[in-house]
Amino acid sequence: MLLPLLAFGFSHVLCAGAEKFSVPNVNAAFHKSPKPFEIHVDRHFIEETRQRVAHARAPVFMDAIGDGPSGEIFTTVRDFWVNEYSWNATEASINQKLEQFTTIVEPVIDNTSYPVPLHFVHHRSPRDDAIPLLFIHGWPGSFLEVSNIISNLTNPPNASVPAFHVVAPSIPGFGFSPAPQHPGFGPVEASYAFNELMRQLGYSKYVIQGGDFGGVILRYQAHLFSKHVVSALSNFWVIQPEENDMRRLAEGSATSDEVAYINTLETYINQASGYRLIQTTEPLTVAFGMTDSPLGNAMWMYSLMAKVIDPAITAWTPEEIITWSMMYYIQGPYGGMRFYREVLNDGGFAALDFGTLPLVQLPVAISQFPYDICYRMPLDWAKRGGNVLKRTVNDYGGHFAAYEVPGLLLNDIWSWFGDKEVSGTRVFVH
């Protein structure tokens, strides 16, 4: 699949030569080389946010199941936010745990260079044989997803498994990467920016791990930059069933894995993807309310977050719900929401269904978890999207694997990239 470079509209994303970038409510500076960054959010904004939560107006609740977060969740999060939540402590914890940077990358598209400001996490391993790994998050996640695996990736428990230099950028419009000011920045453009980031950091070759939008971006990036991307591991490798697949399901000749995958995907599309339809069609309409109401934004995000984790092993705490929502609310949630529309424009969505993404010829492994829509998709179906050589079906866990079940995802990462011949990581052996 060849991507129409002339159709990117990327020249409208950021004006070439514009060097002054900022993040609302954050004192962040962006330069043409990486500079250390710590989160410092304006305290007047934090207090104003708390006051907005304190005066949040609740809907008139009914005894309806499946309409969205319950009144109990609304009240619990509101009261915790107003009376107990400490942004100061949260901010300090993130700054202490994650080494963060800002930079401006200048990817070249259609023979023209465009500046893209980025916020990213970068931890280098002390091991000489460490592999550069690009970790890409999605919505409603953020760079925080890498926090539960980054230490073990850079400093594994023993020398029998690979170590990694980890780079975890915020997609523009998410976290502390400034949102594009004009339409046209989608997964294709993100792949250009992230490839340039890895090159700027001195990683001419690297591997990728991603879920959600990370699983989408990595397919474009591996396709476009096969000279730099060595291999990838995705925990969000979606293949839309074909007409023949649905016929076999109707006839009763589909395998148990095919039946389970189709049923999960169809349930999501028909019953649980209303947020996606809105964010691919009218993201600004809903962004007015989410930008004005921090608690409304938190409930909007939580409505999906609650559905895609394994309830047998974890539950979102009020503190986590608030902190994850703040990764959007601080600069405003519109940029992150609108990325859905850009994915649609780049072909990743097709109305209610998932679209056709570029064929990946590099070695790929996929990890599947029960509370994600990719669960039990057969390996031969996965191969329709590229050179998928390994499929791991995990027994528990959900959509945010790196955060929710870090041990399982770590094992998958170590197993796949540790196989130097099949994954191609022998190129990193000195």
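This is a predicted model: local features need pLDDT of at least 70, side-chain atom pairs count only at pLDDT 80 or more; totals for chains, interfaces and linings use all residues.
Residues are numbered from 1 along each chain as its sequence is written, and side-chain values use heavy atoms, with hydrogens and water left out.

Rolling a probe the size of a water molecule over the atoms shows where empty space is left. Volume here is the space filled by probe spheres set on the points, which are joined across faces, edges and corners. Its lining (residues with an atom within 4 Å of a point) comprises 32 residues, and Asp67, Gly68, Pro69, Ser70 and Ser303 lie nearest the centre. Helix 2 (71–83), helix 9 (274–281) and helix 11 (294–305) each contribute at least two lining residues; helices (H or I, at least four residues) and strands (E, at least two) are DSSP runs numbered from the N terminus. Helix 11 provides the largest share, six residues. By class, 18 lining residues are nonpolar, ten polar and four charged, where Ala, Val, Leu, Ile, Met, Phe, Trp, Tyr, Cys and Pro count as nonpolar, Asp, Glu, Lys and Arg as charged, and the others, Gly among them, as polar.

The second largest pocket contains about 480 Å³ of space. Of its 25 lining residues, Pro178, Ala179, Pro180, Gln181 and Gly335 lie nearest the centre. Strand 5 (116–123) and helix 13 (334–345) are the elements giving two or more residues to this lining, and helix 13 supplies the largest share, five residues. The lining divides into 15 nonpolar, seven polar and three charged residues.

Cavities are sets of grid points where a 1.4 Å probe fits but cannot get out. Three of 30 Å³ or more are found in the whole structure, and the largest cavity has a volume of about 170 Å³. It is lined by 16 residues, with Asp212, Phe236, Tyr268, Tyr275 and His399 closest to its centre. Helix 6 (213–224) and helix 9 each give at least two of the lining residues. Twelve residues of this lining are nonpolar, one is polar and three are charged.

An unreviewed UniProt entry lists residues 34–146 as "domain: Epoxide hydrolase N-terminal"; such annotations may be inferred rather than shown by experiment. Over this segment the chain is 32% helix and 24% strand, and the end C-alpha atoms are 20 Å apart.

Conventions. On a 1 Å grid over the protein atoms alone, a cavity is a set of points where a 1.4 Å probe fits but cannot get out, and a pocket is an open set with protein on both sides within 12 Å along at least five of seven lines; lining residues have an atom within 4 Å of a point.
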